Amino acid sequence: MAIRKRLGDILLDQGLINEEQLADALDAQRRTGEKLGEAVVNLGYVSAEQIADTLSDHLRIPRADLSRRYVQGDAMDVVPDDMLESNEILPVERTRDTLTLAMVDPLNIVIIDDLQRVTGLYIQPVIATKKEIRDARTRSTNFSSTARRVVSEYDTGEDDEAAKEQSARDEVEEYVGDAPGVKLGSLILTQAARANASDIHLEPREGELRVRYRVDGLLQDVMTVPRKFMADVSSRIKIMANLDITERRRPQDGRIKSDLDGVKVDMRISTLPTVYGEKIVARLLNSTQEVTGVESFGFSEDSVDKIKRMLRQSRGMILVTGPTGSGKTTTLYGFLQRLNSPEQNIITIEDPVEYELTGINQVPVNAKVGLTFSTGLRTVLRQDPDIIMVGEIRDHETAEIGVRSALTGHLVLSTLHTNSSAATVARLLDMGVEPYLLSSTLIGVIAQRLVRTICADCKEQVTLDDPLMERFIRGLGMKVPEYVYQGKGCPTCKDTGYKGRAAVEEVMLITRPLRDAINQGANEEVLEEMAVTGGMRTLARRALDQMIAGRTTASEVIRTVYSVEDEEAMSDE
């Protein structure tokens with residue numbers, strides 16, 4: 001009869017709670033209607049994991065380790081979606097006649113009987129917590145399979161795309177309301193949010209629509225949509241972005257604000273006509289994500305100290321540089337967060353405004369009405385600003401106005417697309433900025449990259465046997481490590497070996513010797529050598545530090561910071 005023992009008694013026997021705590025939990029259960037296990041956890045007496053472990057020992061039912069186990073797609077497919085939604089269960093594995101089922105309450109005979117009747121399989125329960133089931137289900141949702149079910153539900157075998165091309169806007173909108181494009185479009189967006197994707201690419205090809213997500217900086221194939229549904233999916237997203245769905249010959253830009261899986265997501269939509277139809281790219285921005293401070297960037301301690309010294313200046317120019325997607329805007333927002341105070345008038349000019357910052361005046365660029373970075377900057381100077389953030393310096397005019405703004409007593413923050421801190425100085429000089437103006441105003445330059453970090457759940461030590469990496473390390477005067485690390489792939493990282501990204505940086509603080517060198521027109525190589533002599537650690541060295549510390553891999557270092565110049569330097573040795 002031990003199997004019928006009540007949960008409260010089991011927890012008492014194991015010493016996890018006392019009589020008084022059990023009485024509190026029972027009282028909470030009566031008031032709220034929640035289960036006893038939930039009441040005990042919500043009161044903070046035990047954790048959900050402790051309850052699951054205890055039940056596993058007492059009932060002799062296996063404890064599921066969902067974090068390190070794959071959930072098979074065919075196991076998910078045999079259970080109806082409504083049963084998954086309404087019960088705390090997750091199909092884990094299917095054999096010929098058995099379905100292993102993770103359950104919070106493995107004694108719920110009603111669910112087990114219902115599933116055995118629906119699936120025709122013997123149900124083998126294993127124990128897991130509600131959070132473990134929810135997280136595993138989010139990771140393991142068979143997106144392609146779900147999409148195929150949506151397509152097959154509406155697939156009539158007829159390709160009516162030509163007829164829809166002739167429809168007026170209101171007719172198309174009415175049609176799309178009941179089309180599979182509604183479900184597929186929503187499914188694509190929701191899954192992207194679950195995968196922490198930064199971008200969605202919908203790429204028309206001959207006979208199909210290719211869907212890709214950019215996750216941790218790299219594009220991944222997700223699924224293909226049959227040709228007959230391409231127009232539906234595209235129209236659905238364009239309607240959500242308030243774009244003209246009857247216009248397919250010109251590029252369009254729009255915006256979607258939506259709630260995906262309880263997270264408010266702001267999406268920038270861009271369309272581009274191609275040979276086979278419109279390519280649509282959506283950039284996902286998490287509107288609820290907090291802007292972090294300088295200390296949270298992951299920069300080294302000495303870099304953070306240099307940046308704080310820069311931000312203490314009341315006038316001058318601070319620049320952040322790197323390729324697209326290297327986190328430049330996030331870094332600038334962190335700077336603004338630190339500088340933001342009631343005593344400061346802070347104005348930004350951005351294309352577009354990615355995150356809304358309380359207490360800061362943010363101006364979106366609008367080329368259609370003539371509001372560019374340069375024209376906006378001129379207007380901002382008449383608004384009595386203390387601090388100005390220009391999203392990007394793209395031309396001589398913006399660079400010139402920015403430098404002169406810094407010279408006349410404003411603190412100016414901006415970005416450029418260059419490969420290093422020293423290259424930023426050379427780029428501004430090439431744009432036509434006078435050396436004496438640049439040397440007088442530039443406070444410092446931060447160059448950065450984002451490297452993928454190794455998944456902690458499948459991290460392993462391996463021998464470094466890459467000749468290119470060994471030469472690269474020796475070329476920088478560093479000792480080649482005997483071992484490095486990599487991820488072998490697991491459910492947590494979806495077999496990629498990586499989970500998340502970290503910043504690597506080089507911070508060039510403009511000292512008096514560097515100012516003199518800039519004023520004399522020194523080239524990029526001279527400036528970098530002087531900065532390194534003065535204590536700057538280059539991007540390559542920072543990335544190698546991350547590799548040796550076991551945070552990223554050798555291949556990721558090569559992908560992000562290795563360059564043609566490095567190859568040429570090694571060839572010269």
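In this predicted model, strand E2 (residues 98-103) runs parallel to strand E3 (residues 122-127), and six bridges join the two; strands count as paired if DSSP finds at least two bridges between them. Strands here are DSSP runs of E with at least two residues, and helices are runs of H or I with at least four, numbered from the N terminus. Two of the bridge partners are set out below.

| Residue | Bridge partner in E3 |
|---|---|
| Leu-99 | Ile-123 |
| Met-103 | Ile-127 |

Three strands form an open sheet of mixed pairing, in the order E1-E2-E3. Strand E1 (89-94) and E3 stand at the edges with a single partner strand each, so one side of each has no neighbour in the sheet.

Helix H14 (residues 301-311) and helix H15 (residues 328-339) have axes that come within 11 Å and cross at roughly 55°, where axes are lines fitted to C-alpha atoms, for helices over the stretch in contact, and angles run from 0 to 180 degrees between N-to-C directions. H14 is therefore oblique to H15, the class left once angles under 35 degrees (roughly parallel), over 145 (roughly antiparallel) and 65 to 115 (roughly perpendicular) are set aside. Ile-307, Lys-308 and Leu-311 of H14 make the contact with Phe-335, Arg-338 and Leu-339 of H15, contact meaning heavy atoms within 4.5 Å.

Residues are numbered from 1 along each chain as its sequence is written. Because the model is predicted, local features need pLDDT of at least 70 and side-chain atom pairs count only at pLDDT 80 or more, while totals for chains, interfaces and linings use all residues; side-chain values use heavy atoms, leaving out hydrogens and water.
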